[in-house]
Amino acid sequence: MPEPAQTQGAFWTMPAEDVAHGLGAGTAGLTTAQASDRLAAHGPNRIAVTRRLTSVRLLLSQFRNPIILVLVFAAVLSGFLGDPQDATIILVIVAASGLLSFWQERGANDAVRKLLAIVEVKARVVRDGVERDVPVADVVPGDVIVLSAGAGIPADAVVIEAKDLYADEAVLTGETFPVEKSPGILPEDTPLARRTNVLFMGTHITSGSGRALVVATGTASELGKVSRRLTERAEETEFERGLRRFGYFLVQVALVIVIAIFAVNVYLQKPVLTSLEFSLALAIGITPQLLPAIVTVNLARGAQRMAESKVIVKKLSSIDNFGSMDILCSDKTGTLTEGIVRLRSALDVEGKDSEQVRFYAYLNSAFESGFSDPIDDAIRSSVKLDLTGWRKLDEEPFDFVRKRLSVLVAKDGERLMVTKGSLRKTLEVCTRAGEPGSPRQLDQEVTGRLERLYQDLSSQGYRTLGVAVREIDRDSIEKDDERDMVFVGVLVLFDPPKEGVTETVRQLRDLGITLKVITGDNALIAATVDEQLGLPKPRIMTGGQLHRTTETALTRRVMDVDIFAEVEPNQKEDIIRALKRAGHAVGYLGDGINDASALYVADVGISVNSAVDVAKEAADIVLLEKDLGVLRQGVAEGRATFANTLKYIYMSISGNFGNMVSMAGASLFLPFLPLLPTQILLGNLLTDLPAMTISTDAVDPELVDRPRRWNVRFLRDFMVVFGPINSACDYLTFGVLLLLLHAGEVEFHTGWWVENVFTASLIVLVIRTRRVFWRSRPSAYLSLATAAVVVITLLLPYAPRIGPLLGFKPIPAVFLVALIGIQVFYIAAAEVAKRFFYVKHA
């Protein structure tokens with residue numbers, strides 16, 4: 001996207017109206033037609049970190065393997081040197097394999113894009129004079145964006161109006177604390193971190209409200225200019241890292257053996273070009289060529305199944321972390337409780353019901369216009385009061401430091417600031433208590449009575465807020481005006497536990513997942529809720545105790561704590577890091593402004609579709625409902641997806657290692673190549689067909705009953721145990737063909753090819769389960785694909801035209817009988833090995 005000409009120059013040095021004029025816009029926003037024209041001119045508002053593959057690029061990417069390219073070159077050279085038939089067959093099989101992979105991967109990518117559209121982050125802009133939500137990608141220069149707490153900044157913009165507007169710019173400047181933003185004019189040499197009249201793409205609003213004019217989008221933004229940093233590979237998940245390392249391991253082993261086989265064949269004076277084609281075809285057959293495509297397909301189909309359980313996966317590789325998660329950290333609101341706050345009562349300083357306190361709270365909530373809060377919804381819905389004559393003058397929005405919200409209202413010349421917030425934080429700014437007309441000093445007697453009331457209500461699971469008032473003699477307020485106030489009373493709120501949540505928590509424990517509650521509520525409330533969930537004596541650590549605990553001590557103690565209460569936003573990240581240092585796979589479920597850093601740090605960040613933008617953006621997985629039951633179903637699907645991915649790896653490594661050993665041995669004593677290059681490639685293509693259906697396979701309950709993590713040593717041991725069984729069957733086949741049937745070159749090729757495809761296809765039915773194979777039924781697609789491959793493999797040698805073309809000839813009935821015996825031996829040996837193997841690795 002070209003940088004808009006309008007952004008030339010230091011726009012932070014000009015009034016917002018002049019910037020708007022330069023953009024050919026106004027401070028009242030664009031029309032729909034103007035926005036459409038600008039979108040066409042400037043392109044989507046994206047930073048080109050990753051470029052979406054077109055169908056052509058995706059197709060070409062299937063053939064980027066250097067081994068395939070060398071094989072194609074050798075086949076073409078062979079055709080020019082007088083063997084066009086074999087060259088054509090090689091090229092057709094390579095193309096068919098690539099097309100199969102392309103078809104599967106394109107379908108998977110399309111499915112994932114549709115799922116991501118469900119949880120698309122949007123920006124609030126003014127179009128045609130009306131506020132509306134549009135996709136972030138559709139924001140254009142000249143748009144006016146509407147800002148509130150939790151909103152992500154979709155593009156670089158100059159502030160038009162602001163009310164206590166603070167932005168977190170750590171992603172761009174590294175500044176730890178939020179920066180206050182306001183309209184104004186700054187010198188041209190003002191550093192980026194001090195441009196207080198500018199909002200930057202990729203940052204987010206922590207508190208306050210306002211409007212801003214979009215100046216630069218996409219790569220023209222400040223974040224876009226440094227986007228090279230974003231093109232660096234994201235930190236690999238454990239699954240990605242293990243998959244890559246194991247792939248390298250297989251390739252290294254394959255290359256050593258292939259080079260050795262090629263050298264031996266040349267030494268034995270076999271045709272050099274044919275030996276090269278054979279070695280390269282063998283390399284394709286024994287390396288996990290389709291592993292990336294099959295893993296992508298498997299994860300994408302897993303994501304589709306998880307979507308049916310109302311779980312949207314934003315990052316496919318996070319499915320593994322989701323399945324291996326053994327610690328889940330979550331707030332209690334909306335997950336353990338209904339998430340619908342109800343106002344139980346409004347009490348005066350004597351602890352008696354008070355309509356006056358209820359009225360003041362209603363005034364505050366009715367005129368509050370910042371970040372939408374369930375508490376304000378509860379107050380507004382609890383009663384409908386007549387506010388005729390009252391009007392709002394100003395507002396001081398809530399933030400996580402003050403933990404208060406103040407509204408200045410007026411009626412008949414009286415100006416009144418009404419403050420609502422954390423009980424203790426509200427008391428901090430009060431000097432008197434009681435009715436505003438006749439208050440008394442806020443002495444120890446009053447504060448002691450309020451503290452006892454607070455303790456009593458909290459121990460019953462109720463949440464409390466304080467309400468205070470103060471007369472003001474002007475039409476605006478600031479944070480400093482929250483002083484010398486009159487404390488009028490207490491709001492009592494409750495959020496009951498969700499129906500069935502106790503059973504859900506038990507089911508999570510049965511899945512090997514420990515739930516840890518991280519909440520800003522006081523310890524008494526949190527403990528009461530946990531007791532209602534079946535934890536009679538929850539172990540609690542408060543935010544104050546966390547402050548006094550060293551990093552090393554927290555790592556040792558963190559698993560002994562059930563509830564982290566009275567926690568400040570920055571402490572959530574400390575808790576998660578401690579759990580990770582203790583060796584756990586940690587999930588974090590959050591939906592608030594102050595959850596973003598914890599979502600980034602967790603092994604798997606989980607949010608909900610109703611979350612603020614910054615939380616949804618940071619999450620790997622988004623729940624369409626904030627419900628632990630939905631999460632539990634998603635975990636089970638994630639583990640099933642991981643288990644099915646491993647099935648292909650089991651099949652690949654056992655068969656591939658066995659083939660390497662067999663090929664190496666056969667090349668030493670045979671006067672001809674063990675298989676023709678075309679036969680190796682054809683066998684590889686056929687055995688890939690069942691592999692493509694593994695994502696539909698059923699998974700035994702014992703494979704999803706606890707978290708499982710990537711284990712390279714386990715896979716290496718699996719290869720070493722089951723690969724030689726495959727080779728033993730190959731050598732039995734060699735014996736039958738050479739010693740019993742005295743097979744020539746064509747008969748040997750045909751017989752071994754049939755046996756090789758048979759074993760590679762049937763073994764997946766054995767190793768897909770830890771049970772005896774007939775006690776675990778495979779999916780219909782896997783069964784049908786395997787049966788189809790077996791039938792095709794049997795029929796090809798008898799096909800009158802195709803068979804000779806591929807170097808096959810009909811095989812005698814006695815070999816088919818021997819083949820059945822070899823397959824029975826293979827299955828029996830694999831079953832016995834499987835029993836001892838899993839006992840050893842229990």
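Helices, as the word is used here, are DSSP runs of H or I with at least four residues, numbered from the N terminus. The structure is a predicted model, so local features need pLDDT of at least 70 and side-chain atom pairs count only at pLDDT 80 or more, while totals for chains, interfaces and linings use all residues. Residues are numbered from 1 along each chain as its sequence is written, and side-chain values use heavy atoms, with hydrogens and water left out.

Helix packing comes first. Helix α25 (residues 712-740) sits against helix α26 (residues 745-767) at an angle of about 150°, and their axes are 10 Å apart. Axes here are lines fitted to C-alpha atoms, for helices over the stretch in contact, and the angles run from 0 to 180 degrees between N-to-C directions. The pair α25 and α26 is therefore roughly antiparallel, a label for angles over 145 degrees, with those under 35 called roughly parallel, 65 to 115 roughly perpendicular and the rest oblique. The crossing of α25 and α26 is right-handed, that is, the near helix is turned clockwise from the far one by less than a right angle. On the α25 side, the contact (heavy atoms within 4.5 Å) is made by F718, N726, C729, D730, T733, F734, L737 and L738. On the α26 side, E747, F748, G751, W752, E755, N756, T759 and I767 take part. Sorted by class, that contact has eight nonpolar, five polar and three charged residues. Nonpolar means Ala, Val, Leu, Ile, Met, Phe, Trp, Tyr, Cys and Pro, charged means Asp, Glu, Lys and Arg, and the others, Gly among them, are polar.

Helix α26 also packs against helix α24 (residues 677-691), this time at about 25° and with axes 10 Å apart. These two helices are therefore roughly parallel, and α24 passes α26 in a right-handed crossing. From α24, Q679, L682, G683, L686 and T687 meet H749, W753, V757, A760 and S761 of α26. Five of the residues in this contact are nonpolar, five are polar and none is charged.

Helix α24 has another partner in helix α27 (residues 780-795), with an angle of about 160° and axes 8 Å apart. That makes α24 and α27 roughly antiparallel, and here too the crossing is right-handed. L686, L689 and P690 of α24 touch L782, A785, T786, V789, I792 and T793 of α27. The tally for this contact is seven nonpolar, two polar and no charged residues.

On a 1 Å grid over the protein atoms alone, a cavity is a set of points where a 1.4 Å probe fits but cannot get out, whereas a pocket is an open set with protein on both sides within 12 Å along at least five of seven lines; lining residues have an atom within 4 Å of a point. The second largest pocket holds about 430 Å³ of space. It is lined by 22 residues, and L646, Y650, R708, F714 and R770 are the closest to its centre. Helix α23 (628-669) gives the largest share of that lining, six residues. By class, the pocket lining has 12 nonpolar, three polar and seven charged residues.

As for cavities, the structure holds four of 30 Å³ or more. The second largest cavity has a volume of about 100 Å³, a volume being the space filled by probe spheres set on the points, which are joined across faces, edges and corners. Among the residues lining this cavity are K332, Y462, R463, F494 and D521.
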